[in-house]
Every structure is written in structure tokens, then in C-alpha cells.
Amino acid sequence: MPEPYSISLLNDSFPPLIDGVANTVVNYARELTKLGDRAIVVTPEHPDADDSRFPFPVARYPSVDTRRLFGYLAGYPFSPETLRQLKEQKVDLLHSHCPVMSTILARSIRDVVDAPLVFTYHTKFDVDVAKLLRGRLLQESALYMLASNISACDEVWVVSHGAGENLRSIGYQGDYQVMENGVDMPRGRVSEEAITAATTDYDLPEGVPVFLFVGRMMWYKGLRIILDALRLLQAGGQDFRMVFIGSGADAAEVQEYAKPLGGKCIFTGAISQRETLRAWYCRADLFLFPSSYDTNGLVVREAAACDLAAVLIDGSCAAEGVTDGVDGFLIDENAGSMAAKLQEICKQPECMAQVGCQAGDRLYLSWGDTVKRARERYGIVMENYRMGRYDDHHRPMDGVLNAQGSMMDALAKLRDLGDGLAERYREGWDEHREGIQERRDEFREEFQERLEEHREGRRAFRTELKQKGEALWQKLDRYL
């Protein structure tokens, strides 16, 4: 039995915020704990968080609520409390899953805990940057900073070959390892009773194909392709039901766009209960995921776990390893191609079921197997770190970050010297301020007195000057 590791997992999102990367971090921590390792998650504070439900510790650091702008909370990466907590325990490896604040925090504490830093690239950040920032110069500067931050890590992982290509496109020039993500759903279908309980409140007639989408309600997920394809399908006389599960910034626009399809489109909102979500996968006949944005598409593997085949964009990251008509269905990135494929498949329901079973056999990958492979790679990374095989070109900036973190830690220690000392300081400061205020009042009174004397003098001088002027004119008048 190998010696247990102590792994710190860092990410900007974590429950109650739900997305694919947050789900990844939860499963990494859970599976590492099952293997006997000590996993600690480091993530920003959230007002609705309940971390007691997790079988592993969660360290929260200060955050700013930016959900209205970005959908997430922005963490402040120089947290003395987090730094102190990680210093007090032995950390063998830091694993960041976000290239922004989490990686900055990880870099600031890497030298303090003397452990290597691994980064996993999950998301096409060039798309996010283009959405958030206007102007090419700003976008290029933001991507350069991201690439620099990623390059400073000791080892970089990507979740697919397509993700690696995207990482190169934003300026990263180093090596990377392809480390696929798994799914937390067990292989196989749920009972008919569970399916009925999850879906009974919705209009799902028997014999009518049910299409399913699961994910964030964002246009860049290919939702317009789905809706336009369904309009073509409806015009061709094909009946269906389309179920959208998820929430997101574009949800209202998507629902408005879907109105011409009437009751054929069902929007459930986000579903956090995994067994309920699993029941929906089992109820559907086909999973629609025409996204060229996603780098891995965990939902495709979740669908495969329930023997549900997916319709995917040919050449997309989500379609890596999928063979058309064998374990999935591939289309071009347009509504016409999807409509034609759906029209063809709906005429062959037995084909949908067969391809779904083969998807489960060929595409399913559990988190248990995924994390076991990652753990093996952790061992190699730690050995490389001990042997000094990683470049030190990133260390000068780390020194700046570490100094910032050390300064914050020092300030925190000063704060913790004692309430009595702090109280005495406050009392002394209050006395000092009172003395200053008294001197200010005295000076103000003295100034007002002198100012009034000066004004009186000026008035007397003007009066005297006026009198002398009048006397002078009287004398002059006698001679004129």
C-alpha cells in the first residue's frame, strides 16, 4: 500500500456553485479520500456554503460577490488564514483547476509549503475572455496573463487533445499531459419507478422521442443549433419532446427563442440531485450536445453511463473517441445537419438504443479510475520536483506573490497579538485624537479672535483713511 498523500485542490467554483469544474474538484477530493489520502479543497467563501456534508476538509478564503457579472464569486488570493492552515499541515502537492485566482493563490504558497504545483485546463478561456472583454488589445493582454500564469505551474494537464490545442492557441508553449475526467454516475440504468418519480409531472407521451440537453444555459453551448433544428423537425411533421436541464445567464433568452415550439420544449432549471438527473438520462431517447465550446463534455459520459447516445459536433472535443453510428452520432455545426440526423434516427428507434448501449461500453469512465490514474501521475510529479527537474523561470514572480502572502500573514499575526493590546492601542489612539481635537479647537478659537481683531483694524483704518481723504478734498476745494 503506497504512502498516503496530502493533496490541496484549488478552484474558484465549488458547491453551492455548480459547474463541471466544481463537480470535478468534488470528485477528485472524494476519490482521493477513499484511497486513504488527505485531500483539502481551497476555494472562495460563499454565503450559502455548507461544507459539513463533505467527507473532506474545505478551506474558504475571502471573496467578493461578482455573481451578477460573471456568475461566480471572485476570491482574494492573498489569504493569511489559508496560508496559515496549509503551513500547519504537510502538503505534498498543489493541484489548481482554475488559471486565475486559484493559481495565483497556489503560486503564492508553493514555496512556503515546498510542494509542486499541477494545473488542469478544463475550459476554453478564449471564449470567456471574448465574452467579457471588448477590444482585441484587452483580450490579447488577458490571454497573455492567463498563459503566463499557467506556464508558471510545474506540470500542466488538459482534459482532452482538443483542450491542449486550445491552450496552445492562447499562447501556452510548454508541455502538457492529457488526463481525462470521469463521471460520478454508476454504470447502468435506474428503475422504472425512479424514472416515473422524476418525470411524472411533465408532458412526455409514450412513443414520442424525448431529446435531452444538460448543462449551463448559454448560447455558446450550441443551444441555437438545437432549437433551429427542432423547428425544421417540427415543420417536417416529426413529433418530439425536448428537455433542457440547467440554468445560466442566457436562460431567459433561450426560453423566449423556444416559444414557437410551444409545449414541445420543457425547461426544468438546474437539478442538483444526481439520482434525479440520472433518471432523466434514462428517460431520454437521445442526448443533444452540439457544443464546440466544451473541452471534455462530462455530460456526454454521464449520458453514456445510462446507455444514452449523444449527437455531437464532428471534430469537437466532446466528440473525441466517438465513432458515428457506433457509440454516438456526429453532425456538422449547423441546424440543418442536426435536423437531418434527428429525422433519420427517429425512424430507427432500435438504432438509438443499440448505439446507446455501445456508448456505455466504450465511452464510460468512472471517477474512481480517473483519480487512480491522476494519483499515479502525482507520484511522478513529486519525484520530478524533488529531483529538481522543473524549470525555475517562473520563480521570480512567485517571490513577489509569496512576499505579498507573507506580508498579509504578518499583518494577521499582528492582529492576533491580543485583544488587550489592541484595546489599549485603540484607547491610546482615542486619547491622542481627543488631544488633537482639543488643540484644533483652541487653535480655531485663537485664530477666530485674531481674525476678528484684524478685521476691526482694517475697518478702523478704512474709516480713518476716509476721514483724511475728505479733509484733504476740503482743503483743496478752497484753492480751486
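In this model, which is predicted, the largest cavity has a lining made up of S160, E180, N296, G297, V300, R301, C317, A318, E320, V322 and L363. Sorted by class, these lining residues comprise five nonpolar, three polar and three charged ones. The space in the largest cavity amounts to about 100 Å³, and the count of cavities of 30 Å³ or more comes to three.

Two of the lining residues, V300 and R301, fall in the range of helix α12, which spans residues 298-305, and this helix leads on to the matter of packing. Two packed helices are described by the angle between their axes and the distance between the axes. For helix α11, residues 274-283, and helix α12, the angle is about 70 degrees, while the axes lie 9 Å apart. Because angles from 65 to 115 degrees count as roughly perpendicular, α11 is roughly perpendicular to α12. The contact is formed by R274, L277 and Y281 on the α11 side, which meet V299, E302 and A303 on the α12 side, and by class it holds four nonpolar and two charged residues, with no polar ones.

Is R386 buried or exposed? Its relative accessible area is 59%, and since values over 50% count as exposed, R386 is exposed. The C-alpha atom of R386 is also separated by 8.8 Å from that of A115, although the two residues are 271 residues apart along the chain.

Methods. Residues numbered from 1 in each chain as written. Predicted model: local features only at pLDDT ≥ 70, side-chain atom pairs only at ≥ 80, totals over all residues. Heavy atoms only, no water. Axes fitted to C-alpha atoms, helices over the stretch in contact; angles between N-to-C directions. Helix = DSSP H or I, 4+ residues; strand = E, 2+ residues; numbered from the N terminus. Parallel < 35°, antiparallel > 145°, perpendicular 65-115°, else oblique. Contact = heavy atoms within 4.5 Å. Nonpolar A, V, L, I, M, F, W, Y, C, P; charged D, E, K, R; others polar. 1 Å grid on protein atoms, 1.4 Å probe; cavity = no way out; pocket = protein on both sides within 12 Å on 5 of 7 lines; lining within 4 Å. Points joined across faces, edges and corners; volume = space filled by probe spheres on them. Buried < 20%, exposed > 50% of the residue type's maximum accessible area, 1.4 Å probe, protein only.
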